[in-house]
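Keep the sequence and the coordinates side by side. The paragraphs below lead from one region to the next.

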Amino acid sequence: MGMSQAEREKLIEQYGRGPDRVRQALASVPKPALQWRPAAGKWSAHEIVVHCADSETNAALRIRYLLAEKDPLIVGYDQDAWARQFDYHAQPLEDALAATAAARSRTVPLLRNMKEADWARAGRHTESGAYTAEDWLRIYAAHLEGHASQIERNVAAWNARS
């Protein structure tokens, strides 16, 4: 069953606040902890922020494909491979934060202008199958909040390590 307009509006508001939430979490990271990984296979705060930029630019395109293309194929990617291949630690944090904020600020008006029929538009995701605009909104409204919390957990682990 689809979401109500009120449910979508709440998620769009959460989506719009995401970049500020990541920036707020990042401000709590001590400089020596920026590239520290809390465990093998876990990302540093720096890597999390750069991932957010890559993921959010992908997300901005995904919703556009869903709205503009007939039966779009939404392609998944290996986020850990991207972090290694694109050497996330070598990428500037401010550029990543700006890309994340730009992707979202350009997408919020699009979301606010979507009609009821737009929310039912669907494509197929290579990893999860059927994928609607509402699925997209559920995922990405929570995406940056989840990563802000991940950064905060990194800080807590950094502080507890001695």
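In which helix do Trp136 and Tyr140 both lie, and how many residues apart are they? The model shown is predicted. Both residues lie in helix α6, four residues apart, about one turn of the helix. An α-helix has 3.6 residues a turn, so residues three or four places apart point the same way. The rings of Trp136 and Tyr140 form a tilted aromatic pair, with 5.3 Å from centre to centre and 40° between the planes. Trp136 counts as buried because its relative accessibility is 0%. Tyr140 is buried too, with a relative accessible area of 5%. Tyr15 joins them: ring pairs link Tyr15, Trp136 and Tyr140 into a cluster.

The whole structure holds five aromatic pairs. One of them is Trp82 with Phe86. This pair is edge-to-face, with 85° between the planes and 5.4 Å from centre to centre. What is the exposure of its two members? Trp82 counts as partly exposed because its relative accessibility is 26%. Phe86 also counts as partly exposed, at 39%.

Now turn to helix α4. It spans residues 93-112, 20 residues in total. From first C-alpha to last it reaches 29 Å, close to the 28 Å expected at 1.5 Å a residue. Which of its residues are buried? They are Leu93, Ala96, Leu97, Thr100, Ala103, Arg104, Thr107, Val108 and Leu111. These residues lie on the same side of α4, because they cover an arc of only 140° around the axis. The face turned away from that buried side carries the exposed residues Asp95 and Arg106. What does the buried side pack against? Its partners are α1 (5-27), α2 (45-68), α5 (116-119) and α6 (133-160).

Next, the nonpolar interior. In soluble globular proteins, nonpolar side chains tend to be buried together. Here the largest nonpolar core has 23 residues. Val22, Leu26, Val29, Val49 and Ile151 have the most contacts inside it. Helices α1, α2, α4 and α6 each supply at least two residues of this core. Which helix gives the largest share? That is α2, with six residues. Take Val29 as an example. Leaving aside neighbours within four places in sequence, Val29 is in contact with Leu34, Ala45, Ile151 and Val155. A second, separate core has 18 residues. Among them are Met3, Ile12, Met114 and Trp136.

The strands come next. An open sheet of three strands has the order β1-β2-β3, with mixed pairing. Its edge strands are β1 and β3, each of which pairs on one side only. How do the strands run? Strands β1 and β2 (residues 122-125) run parallel and are joined by two bridges. Within that pairing, Ile74 has His125 in β2 as its bridge partner. Strands β2 and β3 (residues 129-132) run antiparallel, with four bridges between them. There, Arg124 stands opposite Ala130 in β3. Three residues lie between β2 and β3, and the two strands form a hairpin.

Finally, the loops. Two residues other than glycine have a positive phi: Asp71, near 50°, and Asp87, near 40°. Asp71 is in the loop between α2 and β1 (73-74). Asp71 counts as exposed because its relative accessibility is 61%. Asp87 is in the loop between α3 and α4. Asp87 counts as partly exposed because its relative accessibility is 43%. His89 has its place in the loop between α3 (79-85) and α4. Is His89 buried or exposed? His89 counts as buried because its relative accessibility is 19%, and the cut-off for buried is under 20%. Which residues does His89 touch, not counting those up to four places away in sequence? They are Gln35, Arg37, Ser44, His46 and Glu47.

Technical notes. Residues numbered from 1 in each chain as written. Predicted model: local features only at pLDDT ≥ 70, side-chain atom pairs only at ≥ 80, totals over all residues. Heavy atoms only, no water. Expected span 1.5 Å × (residues − 1). Buried < 20%, exposed > 50% of the residue type's maximum accessible area, 1.4 Å probe, protein only. Arc of directions from axis to C-beta. Contact = heavy atoms within 4.5 Å. Core = buried A, V, L, I, M, F, W, Y, C linked by side-chain atoms within 4.5 Å. Pairing = 2+ DSSP bridges. Phe/Tyr/Trp six-rings, centres within 6.5 Å; stacked < 30°, edge-to-face > 60°.
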